[in-house]
Amino acid sequence: MHCMDLKKVYSLLMEEYGPQGWWPLTPDGQTKTEHHSGRPRHDLHRFEIILGAILTQNTAWTNVEKALEQLYKSKLVDHNRILRTKHEKLAPLIRSAGYYNQKAERLRIIAEFVRENPISSLMKKGTEELRQMFLSVKGIGPETADSIVLYAFGKPTFVIDAYTKRIFSRMGVCSKDVDYHELQKLFMQQFRPDVKKYQEYHALIVEHAKQHCRAKPVCEGCPTYSVCKRKM
């Protein structure tokens, strides 16, 4: 991999887009998520992030927001209630997130995991132990596990998603099919463990992928054009 100054890219993205305030959370007593909502304030928020990280697999966040709203309306952002709810009722509520039958099964699996491992006990785990615990859950891969560990539990691990691979392969940092942990290691070598910065950088990458580094890139006005190898 090419060793680029990833701190420089972070500065360019932050200057262009500003703080993103991820993970979007639902204010107490409401059913719709909001951006710039800050860190999770209690275990309900942490469980909401866990659900959202699973629901967002292979779909846009706007679809996840609709599914979470339905779960809140049905009072199902609760692991015990999910476990008491039949699949036939749960699956249609999350239809907007796609693959809703499979994801309903995954929500029940994670609800069982949380029943056996209360969030209060998970909060006491170290980063790597917590990460491995979530990776052992069916349906949770590295990206989902890291999202949960970083956003729900505030532990320093960097999330690599398809947008990250797309953007940094175009910049010449890595190949399109770079290994997840290889690219993650590069980010974590250049930044000391910093939860807030890891959160912001990941969110800025997502925003940049929406605004400029799309499947068909919009290079005009791109804030990272000066450091991008694609133009050469």
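1. Arg115 is partly exposed in this predicted model. The relative accessible area of Arg115 is 45%. Its partner is Glu112, and the two side chains form a salt bridge. The closest N and O atoms of that pair are 2.8 Å apart. Glu112 is also partly exposed, at 25% relative accessibility. Both residues sit in helix 6 (residues 100-116), three residues apart. About one helical turn therefore separates Arg115 from Glu112.

2. A second pair has another setting. Asp146 and Arg131 meet in a salt bridge, at 2.5 Å from N to O. Asp146 belongs to helix 9, and Arg131 to helix 8 (residues 127-135), so the pair ties together parts that are 15 residues apart in sequence. Are these two residues buried or exposed? Asp146 is buried, with a relative accessible area of 0%. Arg131 is buried as well, at 5% relative accessibility. The cut-off for buried is under 20%.

3. Asp194 and Arg192 also form a salt bridge. Here the closest N and O atoms are 4.0 Å apart. Arg192 is exposed, at 63% relative accessibility. By this rule the structure has seven salt bridges. Side chains of opposite charge can pair when their charged atoms come close.

4. Now the open spaces. The largest pocket has a volume of about 560 Å³. It is lined by 23 residues. Closest to its centre are Thr56, Thr59, Asp161, Tyr163 and Val206. Which helices each supply at least two residues of this lining? They are helix 3 (61-73), helix 9 (142-152), helix 10 (162-170) and helix 12 (195-211). By class, the lining of the largest pocket divides into 10 nonpolar, nine polar and four charged residues.

5. The second largest pocket holds about 160 Å³ of space. Its lining has 14 residues, and those closest to the centre are Gly21, Trp22, Gly38, Gln199 and Glu200. Helix 12 gives the most to this lining, with four residues. Helix 12 is also among the helices that supply at least two residues to the lining of the largest pocket. The lining of the second largest pocket divides into five nonpolar, six polar and three charged residues.

6. How many cavities of 30 Å³ or more does the structure hold? The count is one. The volume of the largest cavity is about 100 Å³. Of the 14 residues that line the largest cavity, the closest to its centre are Cys213, Cys219, Cys222, Thr224 and Cys228. Nine residues of the cavity lining are nonpolar, three are polar and two are charged.

7. Last, helix 1 (residues 6-17). At 1.5 Å a residue, its 12 residues should span 16 Å. The end C-alpha atoms are 16 Å apart, which agrees. Which residues of helix 1 are buried? They are Leu6, Val9, Tyr10, Leu12, Leu13 and Tyr17. Seen down the axis of helix 1, these buried residues fall within an arc of 165 degrees. They therefore line one face of the helix.

Note on methods. Residues numbered from 1 in each chain as written. Predicted model: local features only at pLDDT ≥ 70, side-chain atom pairs only at ≥ 80, totals over all residues. Heavy atoms only, no water. 1 Å grid on protein atoms, 1.4 Å probe; cavity = no way out; pocket = protein on both sides within 12 Å on 5 of 7 lines; lining within 4 Å. Points joined across faces, edges and corners; volume = space filled by probe spheres on them. Nonpolar A, V, L, I, M, F, W, Y, C, P; charged D, E, K, R; others polar. Buried < 20%, exposed > 50% of the residue type's maximum accessible area, 1.4 Å probe, protein only. Expected span 1.5 Å × (residues − 1). Arc of directions from axis to C-beta.
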